[in-house]
2 protein chains.
Amino acid sequence: MAKAIRLSVIGAGSAQFSLGIVRDLCLTEGLAGSSVVLMDIDEDRLDMVYRLASRYAQELGKDIWFEKTLDRETALKGADFVVNTALAGGHQREEGERALQIKLGYYRGIHYSENMFHQFDLMLSVARDVERICPDAYLLQSSNPVYDGCTIMTRETGVKVIGLCHGPFGGIREMARVLGLNEAEITWEAPGVNHCVWLTTFRYRGENAFPLLESWIEKESERYWADNWQPDTFETQMSPASVFMYRHFGLMPLGDTSRGLWPEVWWLHRDLETKKRFWGPRGGFDSDEGWQNYLDRLSEGIARMRAAADDPKARVTDIFPPRRSSEQIVPIMDAVANDRQGYFVVNVPNRGALPGIADDVVVEVPALIDGRGVRPLTMPPLPQKVMLGAIMPRILGMERRIAGYKSGDPQYILMSLLHDHRTRSLEHAQEVMDALMAFPPNARQAEHFGFRARSEAAE
Amino acid sequence: MAKAIRLSVIGAGSAQFSLGIVRDLCLTEGLAGSSVVLMDIDEDRLDMVYRLASRYAQELGKDIWFEKTLDRETALKGADFVVNTALAGGHQREEGERALQIKLGYYRGIHYSENMFHQFDLMLSVARDVERICPDAYLLQSSNPVYDGCTIMTRETGVKVIGLCHGPFGGIREMARVLGLNEAEITWEAPGVNHCVWLTTFRYRGENAFPLLESWIEKESERYWADNWQPDTFETQMSPASVFMYRHFGLMPLGDTSRGLWPEVWWLHRDLETKKRFWGPRGGFDSDEGWQNYLDRLSEGIARMRAAADDPKARVTDIFPPRRSSEQIVPIMDAVANDRQGYFVVNVPNRGALPGIADDVVVEVPALIDGRGVRPLTMPPLPQKVMLGAIMPRILGMERRIAGYKSGDPQYILMSLLHDHRTRSLEHAQEVMDALMAFPPNARQAEHFGFRARSEAAE
């Protein structure tokens, strides 16, 4: 028995991401007959993804149907599920802003989350459209900031939002490899807020596996790092940064958490030298090289897709072999549509799942999903050191960003900038704020916060 | 009708402070016949205060009786009220530690509250003694840190603790003077947490007086500061620092709040140049000169007391004229003992008085006090900018300090140090922590946090 659903992908031009969904969808018998509406504002990329997706299903002889549209309203009509993977302004705006910030004294730029007007605006606008056009649909949020974004969307709308992140799964994979464990036989839990989650359960073949991790840390880690350690820049899980955090906070950070993306661990990111010490010879995910590597892989993915799209004789399934991914998106749709209970890791409003955190803050917790919806598991409290050193500061930062966005009060931006350890003075913060507002791609943001856009000022 | 009470003063060697209580007590008819037990570990100072206090009551012909003791247990027996004004290790230990911190790169030292083992230890020990020896007594806490200290005491014991601070009253006095208002006709409220309180009500002769303040800020403040402004270093209320905070947070900081004693406003304290810009030509209370001025006044007070004590012909009432102070201690005892309802500003566990703050965090709020005890007034919520920019960070810092003290886990000290904007790296923080623990007067602290004291290490 299969239940056909209607899925709308917002930002479907993210070729690799969209094809990943298409692949998993083709391989999920329970969703046979489903249709996918691909929506993007980049017509060229949208067209490419549409052609590849159609050919993919065709090559596998699967009963999945595709539509494409530049119009969000059209895309959302009748949707059962909406996946939002869009990045407002794309990587180009982000990198332009980063270059500006570097010039103003911020090594590698100010962390994206301190200035997220564009994403808040886009996410809220999508959520409001979902609420209006397909109010019963689940909105699966996969582009960042998942944490802040899902919090503001669930506070401002009644939409059923589920934030998803694959970081923790990558972290477990790396741990399994380094510790010599079979990933499939590990059970784990890592609650927290997105990108700040902490391993509280780690079992292997039914036994507590923390002693294995501790033994590796005590007896093998130093040698592992010394012995010509050449991690891929995506591999941050088994790094000195993680081990330091484990000792400092008392729990192992999982996945992107090991990148240290909240301001209280500024000292991990001081300069390239420090990054190398904590993440190996290439400086980890967030070094110049690491981030470039990430951007390059995105471009290479698109180039590969484009080549396949332009070559009518190529088999897409050769380039993108039909093996199920570990992404949760399609399995979640299957669980809901076919009432097939599954265990997932989701970002949803807390409502008591994690003690000591307000109900309307989105947390990352395990949940059972089935036809009735998402039911998070209640967790024991996280240790006080993790709460006071990582979770609470990250919540405070999120609340400031959301309050700033909602009020349009530039003092919140100043507050965030003054909180950055690299800001040298009040004047420095004010200079940075002015420069960010005068950056042409931020014109709408400048208006929102009561600054005159550069173009007007020049008149 | 008068009700005699028994008051125990812990740290009574603080001569000026103790004589202030004695004076107010002598001038309060409702407490005639009361007795005061003066307790200190400094026998010489204790003796001096005892003689002055006795002579003071005698000169006025008042029926107040004094005892002195070096033993806390003796002091507490039968007490109805206990005033704790003790500073563990005195200013000497604090200044020694400050010098060390300055050498390690922290201009004017790390704010006292980041490292408060000694005061926590002393306060808890006093509160536990009160709980055991005179469990029905009120403990009036006047030495700092009032905020952290009252929070830990009320969490760890069942004692009726009331934290008191005169800062806000001084702030109102300065505002009245500068705005040309009669202080007695001002009504105000400034809730928050101690040293981080914000003017929410400001009325003059029954009318909203915020327009007067705003008009002064807009039209007169710049001229006031430019016109050979030479504030006493204690005068921080009508400073550019206050006005900046008013604009940044949306409410006027009151009293010590205008000194900016929480880490999020580090940029006010960068260097002497910055301090001068924000607090006038002497750099305010917390500049080298301002703090020395504070210490000097304390010494001068003691010298004046000592001269009086050593001169049997001097009249103490000449030196310390019998005029009621604006301190709340004696009026509170009068209110409780004689069921005489009064309006006070107290630091007590929140329990719903200030929305958005946990019940077991001590807040500074107005309260009615009478024979039934302390009943805080419930306040409207503080604006979000004050909560997210000042109150919540200050709560987070307090929670870290208390968790560090309670657990003895040095990672909390490291966390606090890494949070300081002047800390340059993880190594710098570790170096500072090691140096603080090796500082001989901190030997007990070092042991508490699992460091070997220097004396042992040298063996």
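Reply: Start with helices: these are DSSP runs of H or I with at least four residues, and strands are E runs of at least two, both numbered from the N terminus. B:Leu104 sits in the loop between helix H4 (90–103) and helix H5 (117–133) of chain B. The model is predicted, so local features need pLDDT of at least 70 and side-chain atom pairs need 80 or more, while totals for chains, interfaces and linings use all residues. Side-chain values use heavy atoms, without hydrogens or water; residues count from 1 along each chain, and chains are lettered from A in written order.

Is B:Leu104 buried or exposed? B:Leu104 is buried, at 14% relative accessible area (buried is under 20%, exposed over 50%, partly exposed in between; 1.4 Å probe, protein chains only). Leaving out residues up to four places away in sequence, B:Leu104 touches B:Arg424, B:His428, B:Glu431, B:Val432 and B:Ala435 (contact: heavy atoms within 4.5 Å). Take B:Ala435: B:Leu104 is 331 residues from it in sequence, yet their C-alpha atoms are 8.8 Å apart.

Now step out to where the chains meet. Chain A and chain B each bring 36 residues to the contact. Four salt bridges cross this interface (a side-chain nitrogen of Lys or Arg within 4 Å of a carboxyl oxygen of Asp or Glu). B:Lys385 forms a salt bridge with A:Asp409, with the closest N and O atoms 2.7 Å apart. Several helices of chain A supply at least two residues each to the side touching chain B, among them H9 (240–249) and H14 (384–407). H14(A) gives the most, with ten residues.
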